[in-house]
Every structure is written in C-alpha cells, then in structure tokens.
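Please look over the sequence and the model shown below.

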Amino acid sequence: MFYDISLYISLAIFIIGLIYKICRWLSRKTTLEAKDIPASKRLSSAIKGIVVTIFSLKILTLIKVFFLDIIIQRKVLQEDSFRWLTHIFIYVAFILLLLMHALDKFITSALFSSYSATLNPFLFLRDLFGALVIIGICMAIYRRFILKPTRIKTNPMDTYAIIILAIIMLSGILLEGAKIGSYAIYKNMVTDYAGLEEGEEDFKALTAFWVAKFGTISPDIKAPFKDEMLEAGKEIHEMSCSGCHSRAQWAFIGYPVAKAFKGAALTFDKAGVHTLLLYIHFLACFIGLAYLPFSKFLHIITSPLSLLANSVMDKEKSDPANIATRQALELDACTHCGACTSRCSVGIIIEQIENINILPSEKIQSLKAVVSRKEMEEKDFRIILDGAYLCTNCHRCTDVCPAGINLEELWFNMREDMFQKDYPEFSVLSPLSFYRGLMRETIEQKDYKKPLNLAREAIASKCDLMKTPDKVVSLTPADKELQGSLVLSDQASTFQGCFGCQTCTNVCPVVASYENPKEVLGMLPHQIMYAAGLGVRDLAFGSNMLWDCLTCYQCQEQCPQGVHVTDVLYELKNLAIRNVYKD
Amino acid sequence: MKFALFLGCNIPARLTQYESSSRAVLERLGVELVEIKEFNCCGYPLRNIDFKASILASARNLALAEKENLNMAVLCKCGFGMLKHADYLMKEDSSLLKEINTTLKEEGIEYKGGIEIRHLLSVLYHDVGIDTIKEKITRPFKDLKIATHYGCHALRPSEVVKFDDPVNPTLFDNLVSLTGAESIDWEKRLDCCGAPLFGVNDDLSMDLTEKKLLDAKQSGADFLCDACSYCHIQFDTVQSMINSKGGKNHALPPILYPQLLGLSLGIDGDTLGLGENKIDITSIEGFLSE
C-alpha cells in the first residue's frame, strides 16, 4: 500500500514536472526573434517540424545519430575515454537494472515464464549490473573529487546526482545481503513453500543445508554439520526451493555483504533492518524519479532530443520558432559534464579575470537563470554578459558537447538578447567583436551599433575634460597615479620619452582616414602620449582614438624616441576599462 | 623538421582551407606537424581588455609546446605577433614570467623560454629553404601578378617579432616569386588590412580594406596574397560584404599563400580548399603553366 501510494505520487510529480518543462521549452525566449512568437505557434511548428522530418530522408540521419551519439556516445569517447567508460557503466547498467529488476513484473516475467529474481541468470545479472553502476559511480567520484580536472567545476546538482545513485545502489546491495542472511525471511519461506515448521527434523536438515550453502544465519543451527543431515536437507531443498533459488554465491556482491555482517545478522533480523533497507531502496528510487525533471537527470530525455534536433536543423533553413524552442530545450540538455570547459579557448583567463561565466559549462547555467528569472540585479546581469562576451567564438565547445548543444549559437543569440538591456559591455571594443562583425547581416542595423556606442559613451562619460573641450586643463599637479599605473607591460613607461614630434600621428592610417581627424578621434596619438606623460587622466582615457587604434604598430615602429606608442594605447585601454568597472 | 602546429581560434571555425592547404604544402615539403589539442586562444583578442589575461593565454600555449619539446609553426599573423610578444616580455621581465608560471604550474606546466615561434612563412623561407621549394615546383605560374600583403603583426614591432626588415621586407615577395608569379610593388603593401577594427568600427575597417584593395588593383594585381587568418577573412568575407553594397572598383580576389604555393607544387585545388574561399579564386588555375 505504502509502496503503491509513494510510487504513484512520485510518478505524478514526474509527469507534472515534465509537462512544466515542456511548457518552458515552448515559452523561454533565447533569441530576439523568439520575442514575437507565441508559445502556441512554437508548439504547432514543433509538431509540424517533427512530423515532416520523420517522413523524410532525414530519418536516416536521426537513426544514425541515435546509434552513434546517443547509444554509443562517440563524442564522449573521442574526447575522454575514461569519462566515456564511466558514463557507459552507469547508464547502460542502470537501464538494464531498471528493465530487468525494477520493472520485472512487467518485462522480465512477461518474457521469461520461469523468472524468479533469485534464479540464475537473473540473480547473477542483477549483481553484475549493480557492480558496473557502482564502478561507474566510483569513477565519477574519482574524476570529480580526486582527479579534479583543471577548471572543471562540480555544483550541488552534480553531487546530488552521484549521491542519489549511490543511495539507490548501496541500499539495494545491503538489502540483498540482509535478505540472504535473514533467518526470519528464511523461516517464513520454508513455512510457505515447504510446509515445515521450526523444530521439525526436516526443518533442521533444510536449515543446516541453507546455513552451509546459502549463507542463512540461524540462531541455533550452526556448523559443523553431519553429512547425512546435509544430504537430507539437500533433498528437501531440491523438492521445495531449488525451483526458485540458485546458489546465493551467484549474487557475488550481496553474498559477501551477508558474510561480512554475519555476526550482526540476527540482531538485524530482530530490528527489521531488511524492511528498513527496502524502504530506503524504493523511496530513493521514487525520489529520483519525482525529482528527475528538476535535476540534471533530465538530460536522459533532453540530451537525446538536443542531439537529434541539432542533427537535422540549421540556422538558415529551419523555422525560427523551432530554433527558439530547440535553444530553450538545450538549456535543460546540459549535463554539466565540463567537456566544453576543458576545451574552451579562453578558459585559462579565468585565472586572471575572475568571472566564472567565462567557462561555457557555467555560462550555460547562468544564461538559464537570465532566461528564467524576470528580474536580476544589474551587477549579476552584467557579470554574466561580460563572461558571455569573453569568447573567441572558436566553436570548440559546440564541437565537443556530448549533448549536441549548439553552444556557439546560444552564446551569440543570448548576447544579442542581453544587449537589449542597455548595459554597457566593454569587451565589445576589442577584436572579440570580429565574429559579431561577420554576423552583422543577421542583426538588425539599430541593434548592431547599439552596444558599441553604449560602451564608448560609458567610458567617455567618465572623462569630464573630453566633454568640455574649451575647459582649461590644469597640468599641475600631475596625476602620479596614472603615470605610475602604466607599467603593466614594463614598456608603456616609455611614453615619458615623447617630445611631441608627431611622427606617430603622421604615420597612423586611422588618422589619415579622416579629413578632420581631431573631430572624430578626439585626441591624436602624439597628444595621447603627451597626456599620459602629463598624467591628464581624462584626456588619455576619453579619446575615441584609443578604441579606433588598429594596433598596426606603425607609430611604435617609427617613433624616433623609442616610445612604445601602440603598447601605451593598449595599456590605456586596459586602464580605461578597469576604471569604468571600478565605478 | 617537426613543429607544433598552432591554428588559433579562427582557422578551425571559419577558415579550414588555411589549415588543409598548409598541411598539404608542408607535407609535400617534408615538414612534420604535431597537433596539440590543448592549445588555446593566442591572447591577441584579449589584449585590449586585460594585458595579463592575454599574456597568460599566450604563455600557456608556449608552455604546452615546450613540454613536447617542439617549436611552433603559427599560421595566423596576429597569433604569431601575440605569441612572440608574450615570449619577448617574459624574457625581459622575470617577475612577469614568474607570476605567469605560478598560474601555469597549477595545471602542471611551466614556460622556460626554450622554444622558437615561427610563422608559416618563416618556416618555409628559413627552415625548409627557398632552394628546396624551388626544386619541387612543378607547375609555375605564368603572367600572374600578385599583390603581396605582409600583415602588420608579423612585421611590427620589429624588435619583438624579428620576422623581416620592417621597412623594406622581401621574405614574402621572394616566396611569391618562387611560384613563378610576379610580386608587384604597391604603395599600401605594408598597411593594415582593417580586420582589428571589424566589429568595432566597421565603417573605418571597411574603408581601410577597400582603399588597400583599390591600391593593389590599380597597381596591376590579379590577386592579393595573404598568410593570416584575420587578414584573409577581412579580404575574403568582409570584402564580399563590401562588394554586395555596390561599387566594385576595388574588387580583388584574395588567395592564401599555401593555396598559391600548393598549386605550383602540383597539388590539386580541392585539397587546397580553393572552393572554400568566399570570393571565387578558381580562375587562378588558368595562370598555371601546363
């Protein structure tokens, strides 16, 4: 009764959770285009897309992906054979346990009329599958907590996944061990199946046989036994028990457990430990089931869907409604395995720029929060946007994702979406924007220029002198802090050698591009060198010239004084960005 | 001859023909390339934002190559410039090196400064050698005029990169001449392609690109030859964006140097990925001698 009620409750929570998630996939907005598409349209587009794909040649692609990427998981294998083995052990053996053991009433019994859980091969296989899952769990623990690959993060959800699996497996094994040794269970079964009662001679003989051969712990009947007694016991065993019982030793994990707890078996029996373990075992399974839609185990459903969808969709041809739905689903398909992070091109810089969102495996979690939460503190939001922009769009995360998530497209769409909030993001003023430039035809004209203008304006707004060009600048006292801070590369301090000959400005291709360069660029290279020399912070930071510098090094190469003009400009950019962040 | 091939971020993602053509050419010339999967961003795009982050990214690559005891062959000039810069600065400033190594040691690597960083063109010119290449040329070009684009970050700052004479370089011209093509003289040959500002100030970036192409074309070039991922994407993808806006006076197809050299070595156009360029360059095969 309790079993049934808890099963149905957890099943109900699981189904409601799944429906809730599906609704989220149809309503979450990760692309700008998606803003105008109602959920109903996304649902109909999804159904249409699925039906059309299944009845087309693309079905062959789907079948191929199903076997290679979902069943065999070749992407994981290509990246890391240890992780592949870990996952194969856990998922293949767990599915087999689920089918053969947990659902035995529906599947195994239907397939094998002589099925009994304690009969071989089922007895042996149950322990074998259990052993494989446990080996997998140990490997996962080893990787996450002992090996700790560089920059791979373990979050509470990863720990939960390992713990719930471990509880299910360990309670199962202890339960099996407790049942093997249990005299109470033995006694009841002998009464039910052999019709013998405690005290009878035949009962004693059978008990002797079971104590000797099956690991049963009897309170009074103990080894050594006479051969005749074992012989008699064996006869009764073959008559009444052997139809359902293979030798308990075949349970090669449960049996040693029973042996190990031999001394405590009778106490356990009295205390009803096996009943307790049974409750723990099935309740852990039901909790796992109920919580599945909200845990990383949802990837059992979402990762295959993501792999399948990505194999037949492409950015140009697919319905924008379906792309939006796929991306919303992808946010739930991440297993937080860290493959993306371990191959991330800029992952290393987190050691210098402390922003966890640089790492793709963490970025996707944060973006999920951005999409899901209506309100977010400006500070948190901007840290996520900054992390999302510190990306060279090298596509490696997407190439290695075992869940097939098109991460690069997700980053791109989410960044564009986040720019709508009008917070300045300063990394846009760097060659990291090269990729965005190449994608400019996919962005609305007004949206394209906005973040670039915002960033420049935010920096310039900190520089009062640039806003009031007529103001008389006081040169004393010099800003020693600025002069002193230009030492990052140990070369920028060469600005002190500048005597204002203007060679840098004369050879600058950017300056040469404008008829009236001062109007567009603000300060020209030689003026910036001079401003830095004088320590006039506002003039050095506020000029457009800084952000329009090509870094072609013509100025530096030609400077007769050996001023590292380009390097100084680089450092001023660093400092300007640091400055606006400080505020 | 063995090098760790450094591809950077752009080439595997959007310029695969640069890798395939370089591999084909270097294989033909007996250069062995080792792939180091752990290589990361060269650091160049990060320099505007955080100097130390860019040096750290660069240094990690150097340390990984050094661990394998290999010199690096770099295809991209911005990547080449950045790696050279990081190497130079860490050799100049021992406290910087120490600080970077403290971080690198957390993942069990360290940079000691014992490797050479070479651009693809230097590998061909200095390591393989002009004479060796000359011997292998089977189908030299005829009547082909090439505008050779050097790329800023290979040439400057010269005391750091030490690639060639920064004022009057000849290395790339000589390599182009080897193929039988004529490397023409043009005014803007040492100027920037405009790529560093693409995405930041597109009008300026495209204007510089257009002027440069126009100069090359007016100087009589049939094609422009480059050897850098940023430069090439700028001359290829960005040029096609400029062209689609109308006005094609400047239109000039760009070819990657290993594609040019590969054709004259008798390697077929498919292997060299000619078809992967955005602007059609297959007509260049018409300049090959039979």
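In the largest nonpolar core, which has 199 residues, the members that touch the most other members are A:Ile349, A:Leu572, B:Ala59, B:Met72 and B:Val74. A nonpolar core here is a set of buried Ala, Val, Leu, Ile, Met, Phe, Trp, Tyr and Cys residues joined through C-beta atoms within 7 Å, and a residue is buried if 20 or more other C-beta atoms lie within 10 Å of its own, exposed if 12 or fewer, and partly exposed in between, with C-beta atoms placed from the backbone. Helix α3 (residues 51-67) of chain B gives the most to this core, with 10 residues; helices are DSSP runs of H or I with at least four residues, strands are runs of E with at least two, and both are numbered from the N terminus. Apart from this core lies another one, of 48 residues, including A:Ala161 and A:Ile221.

This is a predicted model, in which local features need pLDDT of at least 70 and side-chain atom pairs count only at pLDDT 80 or more, while totals for chains, interfaces and linings use all residues. Residues are numbered from 1 along each chain as its sequence is written, and chains are lettered from A and ligands numbered from 1 in the order in which they are written.

When residues up to four places away in sequence are not counted, B:Met72 touches residues that include B:Phe3, B:Leu83 and B:Ile117; two residues are in contact if their C-beta atoms, placed from the backbone, lie within 7 Å.

Chain B is divided into domain 1 (2-118) and domain 2 (138-287), with bounds that come from an automatic or database domain assignment. Their centres, taken over C-alpha atoms, are separated by 24 Å, and the contact takes 23 residues from domain 1 of chain B and 24 residues from domain 2 of chain B. On the domain 1 side, α2(B) gives the most, with nine residues.

Between the chains, 44 residues of chain A are in contact with 42 residues of chain B, and α32(A) gives the most to the chain A side, with five residues.

Chain A has 32 helices and zero strands, and its C-alpha trace spans about 115 × 55 × 35 Å along its principal axes.
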